[in-house]
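Okay, thanks everyone for coming.

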Amino acid sequence: MNLLQNVHVALHALSANKLRASLTMLGIIIGVGAVVALLSIGQGAQAAILGEIEGIGSNLIFVMPGTVNMGAALGEGSTASEVLTLEDAMTIARQGNCPDCSAVAPQYDHGAEIVYHNASMYTTVTGTTPAYQQVRNFEMHLGQFFSDQDVGVAARVAVIGADVADELFGPEDPLGKIVRINRVPFRVIGVLSKEGAGALLSRDRAVVVPLSAATRLFGRDSISGEGSQIVTRINVSAIDASRIESAIAQITEVLQQRRGTAAEHEDFSVTSLKDLADVTSSVTQVLTIFLAAIAAISLVVGGIGIMNTMLVSVMERTREIGLRKAVGARRSDILIQFLIEAVVLSLAGGAVGILIGVGISGLVSLSGVFAARLSLQSILLATGFSIAVGVFFGIYPAQRAARLSPIEALRYE
Amino acid sequence: MQKATIMRLRNVSKVYCSGQIQVHALHGISLDIARGELVSIMGPSGSGKSTLMNILGCLDQATSGVYWLNGTEVGQLSDDELARIRCREIGFVFQNYNLLPRTTALENVEMPLVYSKAKGRRRRALDALDAVGLADRARHRPSQLSGGEQQRVAIARALVNEPSILLADEPTGNLDSKTGQEIIAIFQRLNAERGLTVVYVTHDQEIARQTRRIIRLQDGHLAGDESVAPQKGATRAGDPRI
């Protein structure tokens, strides 16, 4: 009997009991649907996060005081008692010290209240240099970023994020307006383009001013015991992604030299966003695998359902099996017939499950949080899995059918 | 003319074990059936007729003794070789027809061709149905056919692989005598026209007497093996030996 005939016979046999066949398929449908949906959602989430990190600037390297972890990197700051100073940043930036670094932007963060007429909000004010725009990939929605000259004269100008502009100005054009930061007037010269909710290190609530202006604004808070300008963080961007490792090594070396610390007890840390991306993708990968494993368990449960149905089917059709053997069917003919019936059952369930999984990931994409990534791989994986489940759980019932003796099977009532 | 022996049994016994009890269904049966013979087997219930038919039809194996089919010792064959013999050498007709419900007469007849991997299945199945006079019922399901028609479909199914032996276990047992007679006439015609070796089991003395030879079983023993003088009723189909 060839494959097509077997499939035909299997469909015929299954259609004789449609409700039972559909209930049996339900387990596989749920399992495969879950596998496809979870894999595509997981991959979508991972791609979204990586895209986010890419947006911040994948060549970005952070230098932070103390030995910080990834969480602190995301939380914009550290609780370490050691501090970095403007001189550290200048050392990194000095010609020839770090040939693989293209831009260096120290930043000093301090919470402050921003007021415009009756509207006010509390946010983090960042004092930095014009290079910050380049290392952070900032795009301007309106106006422009401040210049080196602004930094030189400690000009009281501010570039604000989209949410800040919305909250303080509403529909009004913020350009040229005066806001008060801790009661000191600053002129708004630029608005950053909106990044959207859920972004890492979001710039939407940023208020960026020249570093020198921030120093004046926050006074003693921003000066170390030795009288140097404190920086919260030094942002460095590597020439390109392949130079990140060497750039980190160069930065580490010059800072160790300048600060006179040994490698064993560094009082600063240098991390790249690539490290962060690696951690993130391995976390989402583990999560995806974990969810897929749970889905796989429901596939196994579905497989047991198939086995059960096939055993009942073999028992019900004992006479048919006896007859087929009596007219010349070999063991292998019967084995293949019932195996194919089980696989048809699981594959049909798999097909419906894939449709449902595709539907769910489509819904997730429609919801707009992030785009689920439906990969051909996950569909092939699900198809392969459902065939494997059909074969694995179908083989025992099929063997039972094949082993029946024709005479006893024919006599079966 | 003495024809070649197609089925030869020597001292064949069959013992069934059902739990602790052993049932001796056949005791040392020895007999020869020649190619082209038309034989009936008679005997009361439980005399071992069906057991003998199942062994002859390679559906079951003897517990002891030897069975040669066409010179091959059946006891030595593997499962697959037995399946091949059932497929190509033997057509088997059951008392209760054993047709697959939910499939048409044509599909029922086609089924053995699937296992013999024959070409042109539809054509051959239609030919076989035509041979039993049911070509016009090809698309009917068993439930839409009368008992006699169902048995004719079963005969067509037994014939479709063109076997040399046709075995029937009480083929008329579920039919009224008129319909039964029609079925027997088909067997006679096949025996006479195609030279098929036909063996059937019956309870009916009249039907048994329409063969050339009656084998009687009693409690698993061979109780008689007699030739039947040609009758008018039995020769209607035109026996070549007359």
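Let me start with a term: I call a residue buried if 20 or more other C-beta atoms lie within 10 Å of its own, with the C-beta atoms placed from the backbone. And keep in mind that this is a predicted model.

So, which residues of helix 7 of chain A are buried? Helix 7 covers residues 162-169, and the buried ones are A162(A), V164(A), A165(A) and L168(A). If you look down the axis of helix 7, those buried residues fall within an arc of 160°, so they line one face of the helix.

Now zoom out on chain A.

Next, the nonpolar cores. How many residues does the largest one have? It has 118, and V35(A) and A156(B) have the most contacts inside it. Helix 2 of chain A, residues 18-57, gives the most to this core, 13 residues. Take V35(A): beyond its neighbours within four places in sequence, V35(A) is in contact with A292(A), A295(A), A296(A), G357(A), S378(A), A382(A) and F385(A). Apart from that core there's another, of 62 residues, and I92(A), I114(A), Y116(A) and V270(A) are among them.

Over to chain B. Four strands make an open, antiparallel sheet there, in the order 2-1-4-5. Strand 2 (21-34) and strand 5 (72-73) of chain B sit at the edges, each pairing on one side only. Strand 1 (residues 5-18) and strand 4 (residues 64-69) of chain B pair antiparallel over five bridges. One pair to click on: L9(B) has Y67(B), in strand 4 of chain B, as its bridge partner.

Last thing, confidence. The model scores ipTM 0.90 and pTM 0.72. Chain B averages a pLDDT of 89, and 94% of its residues score at least 70. But where does pLDDT stay under 50 in chain B? That's residues 233-242, for which the model has 13 contacts beyond four places in sequence. Where pLDDT is low, the predicted coordinates should not be read in detail.

Methods
Residues numbered from 1 in each chain as written. Chains lettered and ligands numbered in written order. Predicted model: local features only at pLDDT ≥ 70, side-chain atom pairs only at ≥ 80, totals over all residues. Buried ≥ 20, exposed ≤ 12 C-beta atoms within 10 Å, placed from the backbone. Helix = DSSP H or I, 4+ residues; strand = E, 2+ residues; numbered from the N terminus. Arc of directions from axis to C-beta. Pairing = 2+ DSSP bridges. Core = buried A, V, L, I, M, F, W, Y, C linked by C-beta atoms within 7 Å. Contact = placed C-beta atoms within 7 Å. pLDDT = per-residue confidence, 0-100.
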